[in-house]
Amino acid sequence: MIHRVQVRGACKSYGAGFTALHPTDLDIGPGELVTVVGRSGSGKTTLLHLLSGIDRPTGGEITVAGERVDLLRGSRLASWRGRSIGLVFQFFQLLPTLTVAENVMLPMDFCATYKTSDRRARALSLLERVGIADQADKLPQAMSGGEQQRAAIARALANDPPVLLADEPTGNLDRSTGDHVLELFAGLAAEGRTIVMVTHEHDVSRFANRQVTLADGRIAQPRDAGATLGVAETVVR
Amino acid sequence: MSRLRWRKIARDVWSVRLRVLGMVAAIALSVTLVAAFLTAQSILRREISDNYLAGNPASATLHVPGGVTQKDVVVAKDQPGVMDAIARDQVLARVRVGDGGWQPLLLFVSAPDDPRRLSSVSVEDGIWPPDPRGVFLERTALPYLGVRLGDPIEVRVPGGATMTMTVAGSVHDPGVAPAAQERTAYAQVTTSALELLGRSSTLTELKIAVGDTAGPSGDPAAVEPVAQRVASALGGRVTAIDVPPPLRHPHYGQMTTVGTVLLAFGFVALLLSSVLVATMLGGMVAGQVRQIGAMKAIGARTGQVLGMYLTMVAAIALVATAVAVYPGVLLGRAMAGAAGDLLNLDVSSSSVPGWVLAIVLVAGLGVPVLVSLPPLVRGSRRTVRDAIDDHGSNPAGRVGRLGARLGRLPGLGRTEAMAIRGLARRPVRLVLAVGLLTVAGVAFMTGLNSARAWTQLVQTGVDNRHYDVEVRLAADAPPDGVADVVRAVPGVRDAEAWARIPVSIAVDGRIDTSHVYPDDGHGSFMLMAPPPGTSLITLPMRAGRWLRPGDSDAIVLNTAAITQQAPGTTVGDTIALSVEGRTTRWHVVGIASDFGTQGAAYVAQATAPTTAARMVRAVTDAQDPPARRAILASVEQALDDANFQVEQGLTTDDLHSALDGHVFVLIEALVAISLLIAATALLGLASAQSTSVTERTREFAIMQVLGATDRAVRGLVVTEGVLVGLAGLVVAIAISVPVSAAFAAFFGRSAFGQALPLSIAPAAVLLWTVLTLLGSGLASAGAARRASRLTIRDALAVV
């Protein structure tokens, strides 16, 4: 079940006093686009970091793309992250001294997933897919925010990961550009990729299969009380 | 590593090309120094040996006053361990060119048919042997005396005649120092010339080479017994034996010390520049922390990230080393040439051994990579979370309690308080920048302090002598008579006649053995007996006391005597000295610092083995060197007229010049190197400031939003730089004192057998203060200008 995300009692505390995420259960199936919303400090970014192995839970289990993320360390974690998940950030995080195509080729290079001779063609095809193939040889700074985010999505897809994790991917874009990016994510989910998107914007839920609301480090009770597996979720269709 | 990653490295480097240029320059500069010193040292070590050994120097010289016969030579050659033997002689004479004054001239005498295998010199001009009135001058004596081939010179031998001789040729004798340095001319003549000069043509020295089939022996313990055996075989006619340190040039020790010191400074420079590179790269990596996070987020492992940055350092170091090797070798060759001139060596080959290039390559590549490793590892190990959390809100660290307290010190203005707190936010960087300036300052001040210590030592050596001119006699003279003659010379205020006898440490059953070199200077040991209550010399005592009236067997040794002749001797010991074949026993009552002479032992005139004078020292009215030289000429003339056998005359100016000639090249090199180190340190400070400004771009923008003027921002950055300079200055001054003392002790003892005094040069402190404060201000000026020119929009856009 490489497309599945499964969280069992995962929690995250800092020192003795502060708990960013209380024990949480969450299941996300293949092809789902789930948005995680909540106020600042609600624990949504912590949850995303735990899913991507950027941070380690202080308790519980997390399985993403068939691996127990909480057990992975060092280069195995890096390798898993490069091959199995695609990360998209609010501020794009493109490497400024590489062209857009080179940015997309970089994950393939680090994880040695495609033949060197095939990498550029794949990068161009991914850029074509996100609609910026004509910008392939530009440096990121020469592109608009929306184009940079598309390039970042293309880079996240470089190693064909089953799971995409996005942290406020539209937070730095205007509404129209943001909508285009969200449509892109919806299309990717429709292809069967599992997507978890952290956002503070509630109206992105129209692109999502489900919305998880976090408050004070806990998944909030849904208004319609549709609890499953002991987890409160709001399903928006 | 893939081409893609290479491309990223190349573009990253290009994006900060000025900083990288600074790194390359700093490493290249220091690698140049290391390459130069290693090259010079390798060439000199080889050439000094080759030159010295090419002359096949004798292992020992046996003094046979009755004359060395052909049979003696054969007997010597038959002794086990003797490879070769030859009869020679040497006479200390005087030379005069035109109407000039008399100058010391050491004549090396050999038979016209001498095969010149042993203790040989290479003829550079002329055909040996010359006619009886011909003299072959050592090549450095030609410019010293201002003569050319074919010119006439007047030569006078003590107790002999004055004869006009012709400069018939020139030789190179690598065993003697340049004439100008020793204030003595060296020359080769035949026994026929000696006869014409009124001396017996009988040769009185037997030179032997000791060794086996493997070659000449380098072990003094092996040479001495063989020499003693030869002396016994000659039936008790040998009165003394000279065994100089075998196979070692007289200046070998000095050169080795000098080379080591210079090399150490070179490596300090390399280490500093590497620290500088590490600082710069640390800053660069700090600026790329989000990129590192992004790379890790897309699958890069720590090793891959580290590999990229290490490749960058290695590439920078490689370029710097490649740039530095050739100039370094050229500089090293030039230095070897200059040192060769100083030592009177022919540098026949400037080829650089492979190991030198290997060390330069390993050092140039290895040191920067190793020193850069910690910040690079730290940077590459940043987790994705760290990197992503780094929003630039507090990139320059926290002020901390100490910074906050310092910033509240009374009397501080707002700018100074902010500058202190700004610096306290990066304590490691602060320590590094202060450390760089400290090391540079310590090197700079140690160099200048050493120069001052040397000058002081030389000056003290001269000041301890309250006489102006000294005349040595070749034969015994009545003390009163000779002193009276000198006192009668116009311009002479007072004169004293001293006994002066060559001695050696006596060992029962052994013929006197000394360690003097054939130039009769290096390694010599003299017993001197000043008149009671002498006013012409006051030596500072290192231990014990000076001679007193009523002393019966008291002796005062100088430090050179302790080092060269009787190591380990202390006050209270009894020492046995052989004087003209007789063993005399003395009680050591004092050890005197007597810089400027070779080994010397002082005893009271009343207890001296002889009452005869062999030296006159005089105080004159002369105020300058030419006047002193003129009076010396008059003194010599008066003594000649009174039939005293003048051997050598010199003024204290000659002593001064001879001592300075040995060392000032080193001191100048030290100061030059410390200036380079200072430049490296200031480059480091500029880099640290630049990094700090990059990190605090947003902060400066906020300051501007709040109304800070460009000038205020500039002032803040420059104040930070000057504060770092000030801290580095204070620490450097404090540390330079013990370091200068240790260096002076090490250098003095290694090179001259006597520690240089601790001397703090106020000029060095002042100069370094100006250099540091001005330099740190200027080093920060670029960063300050950049900080003040940032537009608020651009600055706030930086994340």
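Two residues are in contact if their C-beta atoms, placed from the backbone, lie within 7 Å. The model is predicted; local features need pLDDT of at least 70, side-chain atom pairs count only at pLDDT 80 or more, and totals for chains, interfaces and linings use all residues. Residues are numbered from 1 along each chain as its sequence is written, with chains lettered from A in the order in which they are written.

**View 1. Contact of chain A with chain B.** Chain A gives 25 residues and chain B gives 23 residues. On the chain B side, two or more residues come from each of helix 1 (3-15), helix 9 (289-297), helix 10 (302-343) and helix 12 (384-389); helices (H or I, at least four residues) and strands (E, at least two) are DSSP runs, numbered from the N terminus. Helix 1 of chain B has the largest share, seven residues.

**View 2. Open sheet of chain A.** Four strands in the order 2-1-4-5 pair antiparallel, pairing requiring at least two DSSP bridges between two strands. Strand 2 (18-28) and strand 5 (67-68) of chain A are at the edges, each with a single partner strand, so one side of each lacks a neighbour in the sheet. Five bridges join strand 1 (residues 5-14) of chain A to strand 4 (residues 59-64) of chain A. Arg8(A) has Glu61(A) in strand 4 of chain A as its bridge partner.

**View 3. Helices 15 and 22 of chain B.** Helix 15 (residues 427-463) of chain B and helix 22 (residues 762-789) of chain B have axes that come within 9 Å and cross at roughly 150°. Axes are lines fitted to C-alpha atoms over the stretch in contact, and angles run from 0 to 180 degrees between N-to-C directions. Residues meeting here include Phe444(B) of helix 15 and Trp768(B) of helix 22.
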